[in-house]
Amino acid sequence: MSTASPSPDQPPPWRSGTGAPPPPASHNRFSDWAPGFVVFAGVLMLINGCIEAFRGIMAIADDDVFVSTPRYVFRFDLTGWGWIHLIIGAVVALVGVFLLLGKNWARWAGVVIVAVSILENFLALPYYPFWSIIVIAMDVFIIWALCVYHPQPAW
């Protein structure tokens, strides 16, 4: 018996309506999504950093916008918190830009700077609680998205 290839009129067996060959057994569907998560994390870092920088400018310019808790352990001058938010927000946005440019070091720098952002927002929780909780939640997702992606080596 000869093993002839299918005739030109017959589609190959793997083309039964899907339009693509079946994935190899070791294929992980999540690995297709992971690069998209890194891009999403980069965009979120860029947005988050800009908003944090604006929050810092608000604290520096007008202290009346924020709540003041009289007996807070980590009490700090609100203008000082503003400068901290401004600097960390600018660094988060800058690392987000480098992440979108595809720099490998930006993934690990992003994890570190976003972890610092989580700590900073936790310490500033009494001054703007609702927004601090939102930023902490976004930062946790950013760290997850940056840690889940493991690029395959080229060799």
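Begin by selecting Ala145, which lies in helix 4. Ala145 is buried, with a relative accessible area of 0%. Show its surroundings: neighbours within four places in sequence aside, Ala145 is in contact with Phe37, Val38 and Ala41. Gly42 and Ala145 are 103 residues apart in sequence, yet their C-alpha atoms are 9.4 Å apart in space. Keep in mind throughout that this is a predicted model.

**The whole chain**

Now zoom out and colour by secondary structure. The protein chain has 4 helices and 0 strands, in the order α-α-α-α from the N terminus on. Of its 155 residues, 33% count as buried. If contacts are taken between residues at least 6 apart in sequence, 71% of them join residues at least 24 apart.

**Helix 4**

Select residues 129-148, which make up helix 4. This helix has 20 residues, and the distance from its first C-alpha to its last is 29 Å, close to the expected 28 Å. Which residues of helix 4 are buried? They are Trp131, Ser132, Val135, Ile136, Asp139, Ile142, Ile143, Ala145 and Leu146.

**Helix 3**

Next select residues 105-123, helix 3. The end C-alpha atoms of helix 3 are 27 Å apart, which agrees with the 27 Å that its 19 residues should span at 1.5 Å a residue. Its buried residues are Ala106, Arg107, Gly110, Val111, Ile113, Val114, Ser117, Ile118, Glu120 and Asn121.

Stop at Val114, in helix 3. Val114 is buried, with a relative accessible area of 0%. Apart from neighbours within four places in sequence, Val114 is in contact with Met45, Asp139, Ile142 and Ile143. For a distance check, draw a line from the C-alpha of Val114 to that of Met138: the two residues are 24 apart along the chain, and the line is 9.4 Å.

Move on to Ser117, also found in helix 3. At 2% relative accessibility, Ser117 counts as buried. What does Ser117 touch, not counting residues up to four places away in sequence? The contacts are Ile88, Val92, Val135 and Asp139.

The last stop in helix 3 is Arg107. Arg107 is buried yet has no salt bridge. The nearest side chain of opposite charge belongs to Asp139, 16 Å away. Look instead at Leu146: its backbone oxygen lies 3.3 Å from a polar atom of the Arg107 side chain.

**Helix 2**

Select residues 78-100 for helix 2. Its 23 residues should span 33 Å at 1.5 Å a residue, and the 32 Å between its end C-alpha atoms agrees with that. Just after helix 2 comes Gly102, with a positive phi of about 90°.

Within helix 2, pick Leu99. Leu99 counts as buried, at 7% relative accessibility. Setting aside residues up to four places away in sequence, Leu99 touches Val38, Ala41, Gly42, Met45, Ala106, Arg107 and Leu146. Met45 is 54 residues from Leu99 in sequence, and the C-alpha atoms of the two are 9.0 Å apart in space.

**Helix 1**

Select residues 29-61, helix 1, then show Arg55 and Glu52. How far apart are the closest N and O atoms of the salt bridge between Arg55 and Glu52? They are 3.3 Å apart. The structure holds 1 salt bridge. Arg55 and Glu52 are 3 residues apart in helix 1, so about one helical turn separates them. An α-helix has 3.6 residues a turn, so residues three or four places apart point the same way. Arg55 is buried, and so is Glu52.

**Cysteines**

To finish, select Cys50 and Cys147. Cys50 counts as partly exposed, at 33% relative accessibility. Cys147 is partly exposed too, with a relative accessible area of 30%. A search of the whole structure finds 0 disulfides.

Terms used
Residues numbered from 1 in each chain as written. Predicted model: local features only at pLDDT ≥ 70, side-chain atom pairs only at ≥ 80, totals over all residues. Heavy atoms only, no water. Helix = DSSP H or I, 4+ residues; strand = E, 2+ residues; numbered from the N terminus. Expected span 1.5 Å × (residues − 1). Buried < 20%, exposed > 50% of the residue type's maximum accessible area, 1.4 Å probe, protein only. Salt bridge = Lys/Arg side-chain N within 4 Å of Asp/Glu carboxyl O. Disulfide = S-S within 2.5 Å. Lys, Arg positive; Asp, Glu negative; His and termini not counted. Polar contact = N/O pair within 3.5 Å; in protein donor to acceptor, adjacent residues only side chain to side chain. Contact = heavy atoms within 4.5 Å.
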